[in-house]
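Here is a briefing on one protein model, for a reader who works with computed geometry.

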Amino acid sequence: MDLLFKGGTVVTASSKFKADVAVKGEKIVAVGANLKPEAKTEVIDAKGKLILPGAIDGHTHLAMPFGGTISTDDYHTGTRAAACGGTTTVFDFVLQAPKDEGMWDAVKRRDAICVEQGPVIDYSYHVGVGNATTPEMIATMDECVENGVVSFKVFMVYDFGVDDGQFYNVLAHSTEIGAIVGVHAENKSVNDCLNAKYLGEGKTSAWWHYMSKNEAVAGEADVRAINLAKMTGAALYIVHTDNKQGVEAAAAARAEGYPIFLETCPQYLAMTSDVYKDEDKGFPKKYADLGLRPRDFVCSPPMKGQESQDALWNGIKNGTVSTLATDHCPFLQSEKDWGITKKDGTPGNYTTIPNGCAGIENMYPYILSEANKGRISFEKAVAISATNPAKLFGIDYCKGAIEVGLDADIVVYDPKIKFEVKNAENQHGALDHTVWESAKFKGYPCAVYSRGKLVFDGKDFVGEKGYGKFVKQKKVKFTSPEF
């Protein structure tokens with residue numbers, strides 16, 4: 001063996017137990033009590049610490065063109081930040097561009113960019129479907145699946161989104177080829193109407209971004225997406241779930257036996273729509289004192305009210321919410337300022353702010369901190385952050401747990417560390433600000449390994465540019481809410 005983690009507590013999605021963990025090459029080769037090192041084995045003292053699987057961030061937008069710019073973190077800086085927060089696999093989104101591009105051609109184009117930029121941890125893709133208007137285009141899903149990309153996403157909003165008929169056809173085809181379909185669920189028509197109304201009334205600040213994408217706008221679309229999945233018998237994955245109505249609709253469908261899975265994000269668990277209030281009308285002082293502004297929190301969908309936040313936490317506890325991911329898509333503050341003055345110098349408004357916030361380095365530390373405080377169990381944190389995403393996206397044959405035969409993606413977590421996010425001092429992305437500034441975590445990763453290689457030593461990134469590998473997804477078939 002090459003590595004031996006001694007004396008720690010292994011945490012799985014269902015249990016927690018004292019054990020040693022042995023690694024040879026890139027794989028876990030033994031989990032058990034009193035394992036003995038070999039002559040050249042490096043022994044890691046894990047006494048008093050937890051041994052966790054690396055997190056899987058199933059929702060990132062790295063080097064993504066949006067709103068006249070490109071998201072700040074590319075495949076190198078974004079994966080570097082992920083590694084330093086205990087995330088060892090990321091899923092990024094591939095968008096058809098132009099819309100007549102075949103889906104596997106889109107993956108190949110995007111993967112060439114990723115490889116050139118040098119990801120430091122393992123990665124895979126979801127395909128953002130921008131065109132499902134013909135049987136020929138829908139059939140390009142098949143080549144993706146055969147080559148190890150089984151996850152697709154449709155948007156019910158934005159100009160590159162699909163209508164309900166295209167959505168239905170993608171869902172129906174997914175059942176034939178072993179794929180899973182995710183959805184960004186918001187009612188586009190109502191969102192457009194509200195934008196016209198608010199802008200016509202001269203309402204341009206970040207608060208109206210929230211109001212135009214409010215709980216009802218999201219909840220109605222969640223319900224409609226679930227009904228479309230029921231019609232086709234397909235599994236459905238609702239990404240970045242943010243509202244009570246969606247949680248309740250998913251819970252009801254799951255109780256009926258339908259394979260409906262919800263993802264939520266840390267920002268919806270930690271922040272509410274108060275972050276969009278004007279600075280003189282209730283914007284939290286703690287953020288203002290840090291130099292943050294309401295426009296810095298603009299993402300889609302926006303954070304919702306306290307009732308929805310409570311529903312999300314309850315959904316995690318009772319199993320309705322299956323996974324945690326970030327929707328990491330950061331932009332510079334100067335770009336967020338385009339909501340005041342656009343890039344070309346003309347007046348801006350909330351619709352001209354690039355949508356997205358940071359979180360890739362903070363997801364695992366945040367949810368583990370909440371577990372450390374007793375809000376949920378460590379087992380539940382591991383389930384939603386690692387094990388369930390691995391199952392959902394067909395990579396549980398190599399990722400998602402501390403088990404013999406799986407990749408040695410290992411986080412050594414010290415529950416006694418007190419950590420405060422300070423972007424300028426201890427964050428590792430290409431950010432000039434973060435909505436997580438000054439967040440305080442109880443406990444923090446003190447070592448992170450990706451396929452047996454140390455990539456974070458508790459303070460600094462010590463990995464290697466280009467070390468990350470593409471992870472093929474196996475076909476999936478869900479006929480019930482298995483997790």
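Two strands pair if DSSP finds at least two bridges between them. Helices (H or I, at least four residues) and strands (E, at least two) are DSSP runs, numbered from the N terminus. The model is predicted: local features need pLDDT of at least 70, side-chain atom pairs count only at pLDDT 80 or more, and totals for chains, interfaces and linings use all residues. Residues are numbered from 1 along each chain as its sequence is written, and side-chain values use heavy atoms, with hydrogens and water left out.

**Sheet**

- β6 and β9 pair in the parallel sense, over 4 bridges.
- The open sheet they belong to has 8 strands, with parallel pairing, in the order β6-β9-β10-β11-β12-β13-β14-β15.
- Its edge strands, each pairing on one side only, are β6 (55-60) and β15 (321-324).
- On average, neighbouring strands of this sheet are turned by 30° against each other, direction ignored. Axes are lines fitted to C-alpha atoms, for helices over the stretch in contact, and angles run from 0 to 180 degrees between N-to-C directions.
- β9 (residues 87-95) and β10 (residues 122-129) run parallel and are joined by 7 bridges.
- Asp92 of β9 is the bridge partner of Thr60. Asp92 also stands opposite Tyr125 in β10.
- Thr89 has Asp122 in β10 as its bridge partner.
- β9 is largely enclosed by the rest of the structure, because 8 of its 9 residues are buried. Buried means under 20% relative accessible area, exposed over 50%, and partly exposed in between (1.4 Å probe, protein chains only).

**Helices on the sheet**

- Contact means heavy atoms within 4.5 Å.
- Helix α15 (residues 378-392) lies across β6, β12 (180-184), β13 (236-238), β14 and β15. It runs at about 105° to β15.

**Pockets**

- Pockets and cavities are found on a 1 Å grid over the protein atoms alone. A cavity is a set of points where a 1.4 Å probe fits but cannot get out. A pocket is an open set with protein on both sides within 12 Å along at least five of seven lines. Lining residues have an atom within 4 Å of a point.
- Grid points are joined across faces, edges and corners, and a volume is the space filled by probe spheres set on the points.
- The largest pocket has a volume of about 520 Å³. Its lining holds 23 residues, and those nearest the centre are Phe66, Tyr158, Thr351, Thr352 and Asn355.
- α6 (188-200) and α7 (206-212) each supply at least two residues of that lining. The largest share, 4 residues, comes from α6.
- By class, the lining of the largest pocket has 8 nonpolar, 9 polar and 6 charged residues. Ala, Val, Leu, Ile, Met, Phe, Trp, Tyr, Cys and Pro count as nonpolar, Asp, Glu, Lys and Arg as charged, and the others, Gly among them, as polar.
- The second largest pocket has a volume of about 300 Å³. Of its 15 lining residues, Lys286, Tyr287, Trp436, Ala439 and Lys440 are the closest to its centre.
- α11 (285-288), α14 (363-372) and β17 (440-450) give two or more residues each to the lining of the second largest pocket. That lining has 9 nonpolar, 1 polar and 5 charged residues.

**Cavities**

- The count comes to 7 cavities of 30 Å³ or more.
- The largest cavity has a volume of about 190 Å³. It is lined by 19 residues, with His61, Tyr158, Ser300, Asp327 and Asn355 the closest to its centre.
- The lining of the largest cavity divides into 9 nonpolar, 8 polar and 2 charged residues.
- The second largest cavity has a volume of about 80 Å³. Its lining includes Ser174, Ile180, Gly233, Val476 and Phe478.

**Phe160**

- Phe160 sits in the loop between β11 (151-155) and α5 (164-177).
- Phe160 counts as partly exposed because its relative accessibility is 27%.
- Not counting residues up to four places away in sequence, Phe160 touches Lys99, Val129, Gly130 and Phe155.
- Phe160 and Ala97 are 63 residues apart in sequence and 9.6 Å apart in space, C-alpha to C-alpha.
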